[in-house]
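Please examine the two-chain structure shown below.

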Amino acid sequence: MKSKFVKVKKQGEDVSLQITSMADIFVILLVFLLKSYSTSMSNLTLTGDVALPEGQATIELKEALKVEITKDAVLIDQKPVAKLKKFEFSSESAEADESSMNKALKKHRKVNDKNSSDLVVISDERTPSETLQRVMSVAAGSGFVDLQLVVVRPE
Amino acid sequence: MATIQSDSGNSQEVDLNIVPVIDCFTVLITYLLVAASFLSLSALEVETASSSDLAPMTTAEPPASLVIDLLSDKTIKIQSLGGPLKGFQPVVIPKNGKDWDWGTFNDRLQKIQKRWPSITDVTVNAEKKVIYKDLVRSVEGAKAKFKKVYLAENHEIEVR
């Protein structure tokens, strides 16, 4: 009775793995990912936990120096230049922070495009205006007056 | 199963080995999944305005512009700066419940733009505790109606 229900494996039977279906799935996945992979400003990687504000802007980001404001730091070109405590500058190290930001901006201007006044501002939506205004003030002092405020387009 | 025909006319059946192709695909897909961003980002273009830029000029009459003040208590003030705007009255938009009244803000801007089409510049100024999200919202509203939007560096601005 048992022999009727148990499949007996023949000796020497090769079991081949069917991977054609997997190849089909991979092709479709690859096509989709290649399509959604954006090559413009592809090096815009967000460091840390940054929640960008939502906006309906339609202008594409231009390649420029990036300033990122997170909860704990201000980063210029992905390098931390000033420390923040819950999005705010410390009153004790304010001068040092401004000086550090100034140095980083001037260094960038020296090494890269000397005439560019564009700056990409990537800031968390919870950042108080005071912090942003201080960063803007230092940037304006170094000649960066044309700002691009990065926003996320809601779907 | 593929067939290869040799010069002598004998055909041979060859199995296509797709395992290396699967390996390549696996690596490519893994890389793209890690690197791809599913956020669509865009930018609001603004310029920096210092308080000296906004001070009334003493010689020639400067062109009329608007100043939008965002206060900590979620009140929005719209004032004029520069040249005479006949009939313009400063606008105060109180908060709507616990939040900003963006609807009224956008409506007022539209009315101002229609009545005084010579205004092309707007400066957005915010008190220290106003968060970036609200600043962006106001800039967006201003950008939709006016050509140039400036962000003030500090809040101490004297407006006539």
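The account begins with conventions and then moves from the sheet to the helices and the interface.

This is a predicted model, in which local features need pLDDT of at least 70 and side-chain atom pairs count only at pLDDT 80 or more, while totals for chains, interfaces and linings use all residues. Residues are numbered from 1 along each chain as its sequence is written, chains are lettered from A and ligands numbered from 1 in the order in which they are written, and side-chain values use heavy atoms, with hydrogens and water left out.

**The sheet**

Helices (H or I, at least four residues) and strands (E, at least two) are DSSP runs, numbered from the N terminus. Two strands are said to pair if DSSP finds at least two bridges between them. An open sheet of 12 strands with mixed pairing runs in the order S4(A)-S3(A)-S2(A)-S1(A)-S5(A)-S6(A)-S3(B)-S8(B)-S7(B)-S4(B)-S5(B)-S6(B). Strand S4 (88–89) of chain A and strand S6 (91–93) of chain B stand at the edges with a single partner strand each, so one side of each is left without a neighbour in the sheet.

In chain A, S2(A) and S3(A) run antiparallel and are joined by four bridges. Within this pair, Leu75(A) stands opposite Pro80(A) in S3(A). The hairpin of S2(A) and S3(A) has two residues between the strands, and Asp77(A) takes a positive phi near 55 degrees there. S3(A) also pairs with S4(A) in the antiparallel sense, over two bridges, and Lys85(A) stands opposite Glu88(A) in S4(A). S3(A) and S4(A) likewise form a hairpin with two residues between them, where Lys86(A) in the turn has a positive phi of about 50 degrees.

In chain B, strand S3 (residues 41–49) and strand S8 (residues 148–152) run parallel, joined by three bridges. Here Glu47(B) stands opposite Tyr150(B) in S8(B).

**Helices on the sheet**

Contact means heavy atoms within 4.5 Å. Axes are lines fitted to C-alpha atoms, for helices over the stretch in contact, and angles run from 0 to 180 degrees between N-to-C directions. Helix H3 (residues 94–111) of chain A lies across strands S1 (65–69), S2 (73–76), S3 (79–85), S4 and S5 (118–123) of chain A, at about 155 degrees to S3(A). Helix H3 (residues 102–115) of chain B lies across strands S4 (65–70), S5 (76–81) and S6 of chain B, at about 20 degrees to S5(B).

**Helix pairs**

Two packed helices are described by the angle between their axes and the distance between the axes. A crossing is left-handed if the near helix is turned anticlockwise from the far one by less than a right angle, and right-handed if clockwise.

| Helix pair | Angle | Axis distance | Crossing |
|---|---|---|---|
| H3(A) and H4(A) | about 45 degrees | 9 Å | right-handed |
| H3(B) and H4(B) | about 30 degrees | 9 Å | right-handed |
| H2(A) and H1(B) | roughly 35 degrees | within 10 Å | left-handed |

For the residue classes, Ala, Val, Leu, Ile, Met, Phe, Trp, Tyr, Cys and Pro count as nonpolar, Asp, Glu, Lys and Arg as charged, and the others, Gly among them, as polar. The contact of H3(A) with H4(A) includes Met101(A) and Leu105(A) of H3(A) and Val135(A) and Val138(A) of H4(A). Its residues divide into six nonpolar, one polar and two charged. The contact of H3(B) with H4(B), which includes Trp102(B) and Phe105(B) of H3(B) and Arg137(B) of H4(B), has four nonpolar, five polar and three charged residues. Between the chains, the contact of H2(A) with H1(B) includes Phe26(A) and Leu30(A) of H2(A) and Phe25(B) and Ile29(B) of H1(B). This contact divides into 14 nonpolar, one polar and no charged residues.

**The interface**

The contact between the chains takes 39 residues from chain B and 50 residues from chain A. Buried area is the accessible area (1.4 Å probe) that two parts lose on being put together, summed over both. Chain B and chain A bury about 4000 Å² between them, 65% of it on carbon and sulfur atoms. Leu41(B), Ser42(B) and Tyr132(B) supply 19% of the area that chain B buries against chain A, more than any other three residues.
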